[in-house]
Amino acid sequence: MKHFRILAVLGAGLVIAGCGGGGGGGTGPTAGTLYVTYTTPNSDDGALLVKVTGAAVTSVAVDTSLKGYSRISSNGDTAMIVVAGTVHGGVVARLSVPDTRAFASYAATVLQVAQAGTYAQRALSGYSVAVSQ
């Protein structure tokens with residue numbers, strides 16, 4: 001009977017310890033991917049420059065059908081992204097971030113757009129980018 005009580009106390013202690021933090025459903029950061037989606041009024045864009053600000057960005061990956069270059073600021077809260085090729089509307093880049101739940105704190109801006117072939121700079125009306133999950 002004495003062994004049973006000891007086992008019961010140890011078992012209860014393990015159950016209580018297992019209910020503590022560190023398990024699923026926690027409130028800590030959730031690393032993952034956010035998407036930069038581009039909207040264009042034209043069908044012949046050849047390049048664009050996008051600025052993403054807000055929370056931290058770990059890395060940037062441009063869509064595989066495009067060429068891309070990126071630079072993340074030293075404190076990680078700003079990413080400059082150049083995308084070149086036949087740029088259509090849709091997802092143009094993926095951001096690796098330390099906390100996907102902070103996606104609402106990101107803001108994206110189209111800084112420049114160039115026409116394919118001539119690379120003449122275009123007026124920015126009608127263009128937009130958004131960061132989403």
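A salt bridge is counted here where a side-chain nitrogen of Lys or Arg lies within 4 Å of a carboxyl oxygen of Asp or Glu. The model shown in these close-up views is a predicted one.

**View 1. Arg122 and Asp45 meet in a salt bridge between their side chains.** The distance from N to O in this pair is 2.6 Å, inside the 4 Å limit. Because Arg122 belongs to the loop between β7 and β8 while Asp45 belongs to strand β2, the contact ties together parts of the chain that are 77 residues apart in sequence. Asp45 has a relative accessibility of 0% and therefore counts as buried, and Arg122, at 17%, counts as buried as well, the cut-off for that class being under 20% relative accessible area.

**View 2. Asp44 forms a salt bridge with Arg122.** The closest N and O atoms of Asp44 and Arg122 are 2.7 Å apart. This pair, too, links distant parts of the chain, with Asp44 placed in the loop between β1 and β2 and Arg122 in the loop between β7 and β8, 78 residues apart. Asp44 has a relative accessibility of 29%, so this residue counts as partly exposed. Through salt bridges that share partners, Asp44, Asp45 and Arg122 are joined into one network.

**View 3. A salt bridge is also formed by Asp99 and Arg101.** The closest N and O atoms of Asp99 and Arg101 are separated by 3.3 Å. Arg101 has a relative accessible area of 45% and is therefore partly exposed. The count of salt bridges in the model comes to three.

**View 4. Tyr38 and Tyr127 form a stacked aromatic pair.** The structure holds one aromatic pair, and in this pair the ring centres of Tyr38 and Tyr127 are 6.1 Å apart, with 20 degrees between the planes. The two residues come from distant parts of the chain, Tyr38 from strand β1 and Tyr127 from the loop between β7 and β8, 89 residues apart. Both Tyr38 and Tyr127 are buried.

**View 5. The largest nonpolar core of the model has 24 residues.** The residues with the most contacts inside this core are Val36, Tyr38, Val52, Ile81, Val83 and Leu95. At least two core residues are supplied by each of the strands β1 (32-39), β2 (45-53), β3 (59-62), β5 (78-87), β6 (90-97), β7 (107-115) and β8 (128-132).

**View 6. Four strands make an open sheet in the order β3-β6-β1-β8, with antiparallel pairing.** The edge strands, each of which pairs on one side only, are β3 and β8. On average, and with direction ignored, neighbouring strands of this sheet are turned by 25 degrees against each other. The antiparallel pairing of β3 and β6 runs over four bridges, and Ser59 stands opposite Ser96 in β6.

Terms used: Residues are numbered from 1 along each chain as its sequence is written. This is a predicted model: local features need pLDDT of at least 70, side-chain atom pairs count only at pLDDT 80 or more; totals for chains, interfaces and linings use all residues. Side-chain values use heavy atoms; hydrogens and water are left out. A nonpolar core is a set of buried Ala, Val, Leu, Ile, Met, Phe, Trp, Tyr and Cys residues joined through side-chain atoms within 4.5 Å. Buried means under 20% relative accessible area, exposed over 50%, partly exposed in between (1.4 Å probe, protein chains only). Rings of Phe, Tyr and Trp (its six-membered ring) pair if their centres lie within 6.5 Å; planes under 30 degrees apart count as stacked, over 60 as edge-to-face and the rest as tilted. Two strands pair if DSSP finds at least two bridges between them. Axes are lines fitted to C-alpha atoms, for helices over the stretch in contact, and angles run from 0 to 180 degrees between N-to-C directions.
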